[in-house]
Amino acid sequence: KDTLEMALSAILQGENLLLSGGKATGKNVLCETLSWVFGRPSYDISFHVNTDSASLIGTDTFRDNEVTLRKGPITLCAETGGFGVLDEINMAKNDAVSVLHATLDHRRRIDIPGYSRITLHPATRFIGTMNLGYAGTRELNEALVSRFLVIEMPPLDEATLAFLLRQHFPNLKQEFPSLKGVYAEQFAGLFQDIQKKCDGGELSTKPLDLRGMIAGIRTIRSGLKPANAIRIGVLNKCFDPFEKELLEDAANTRIPADWTRRDVFED
């Protein structure tokens with residue numbers, strides 16, 4: 001609730017947002033939610049080593065026997081009053097950062113070399129997301145950070161994870177006889193166990209993959225045993241034998257090997 005209130009307040013006052021945090025903290029989901037709340041089109045802009053100023057603003061193209069501008073996502077977002085999601089902004093190289101400096105400035109305009117100047121639509125907002133410590137990332141410079149209000153995304157707790165799993169899988173059984181609790185809480189508890197081991201330095205963050213867990217649980221509906229579903233969705237993301245052994249121990253305490261689809265899902 002606090003995170004959403006901070007984001008809404010910043011957007012209402014015309015500010016841009018920077019969402020930082022670890023894996024599976026809902027950064028992109030929050031971006032989608034804000035775009036939906038304000039009824040604005042969303043433009044996803046992923047930064048990588050080949051993202052340059054031309055791919056952001058636009059580049060020349062030949063149309064109807066003349067050279068025209070093929071507009072990039074930053075230009076389209078500026079013109080339509082959209083929400084531009086700057087994904088993994090801390091992977092942007094200097095050429096792309098120079099575009100962001102001009103776009104996010106209080107003057108709210110973009111100079112396109114060889115073409116006219118674009119003034120940002122009043123509803124245009126930019127939301128940056130970043131994971132810390134990923135390969136290829138670097139620290140953002142002060143000039144760029146000063147153009148954002150920064151929200152640190154809190155890690156998901158077990159209750160929230162269980163809620164998300166029930167939203168994805170409403171036919172998960174609500175309770176089981178052999179252990180006290182419900183199935184959603186067992187899967188969420190496994191994710192929390194992995195997260196604690198990652199925070200403690202026992203594991204790398206590779207198996208800390210909520211998308212992988214959801215995809216694995218989805219395969220149970222095809223008849224795959226839950227233990228094997230968790231293996232292909234989570235455990236096999238780790239390639240170190242010692243780490244994999246730790247993961248398997250954690251998974252065995254939560255997901256018994258003899259569980260089947262009928263044990264997990266309602267028919």
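Guide: Welcome! This is a predicted model, where local features need pLDDT of at least 70, side-chain atom pairs count only at pLDDT 80 or more, and totals for chains, interfaces and linings use all residues. Residues are numbered from 1 along each chain as its sequence is written, and side-chain values use heavy atoms, with hydrogens and water left out.

Visitor: Why is α8 called roughly antiparallel to α9?

Guide: Helices here are DSSP runs of H or I with at least four residues, and strands are runs of E with at least two, numbered from the N terminus. The axes of α8 (residues 183-199) and α9 (residues 210-220) come within 11 Å and cross at roughly 150 degrees. Angles over 145 degrees count as roughly antiparallel, under 35 as roughly parallel, 65 to 115 as roughly perpendicular and the rest as oblique. So α8 is roughly antiparallel to α9.

Visitor: What makes the contact of α8 with α9 nonpolar, polar or charged?

Guide: Contact means heavy atoms within 4.5 Å. Phe187, Leu190 and Phe191 in α8 meet Leu210, Met213, Ile217 and Ile220 in α9. These contact residues divide into seven nonpolar, no polar and no charged. Ala, Val, Leu, Ile, Met, Phe, Trp, Tyr, Cys and Pro count as nonpolar, Asp, Glu, Lys and Arg as charged, and the others, Gly among them, as polar.

Visitor: Why does glycine 216 count as buried?

Guide: Glycine 216 lies in α9. Buried means under 20% relative accessible area, exposed over 50%, and partly exposed in between, with a 1.4 Å probe and protein chains only. Glycine 216 has 2% relative accessibility, so it counts as buried. Glycine 216 touches Ala229 and Gly233, leaving aside residues up to four places away in sequence.

Visitor: What makes β5 mostly covered?

Guide: In β5 (residues 83-87), five of its five residues are buried. Phe83, Val85 and Asp87 point one way, while Gly84 and Leu86 point the other way.

Visitor: How do you know that β5 pairs with β2?

Guide: Two strands pair if DSSP finds at least two bridges between them. β2 (residues 42-46) and β5 have five bridges, in the parallel sense, with serine 46 opposite aspartate 87.

Visitor: Which strands does β8 run parallel to?

Guide: Four bridges join β5 to β8 (residues 125-130), and these strands run parallel. One of the bridge pairs is valine 85 with isoleucine 127. Another four bridges join β1 (residues 17-20) to β8, also parallel, and leucine 19 has threonine 129 as its partner there.

Conventions:
Axes fitted to C-alpha atoms, helices over the stretch in contact; angles between N-to-C directions.
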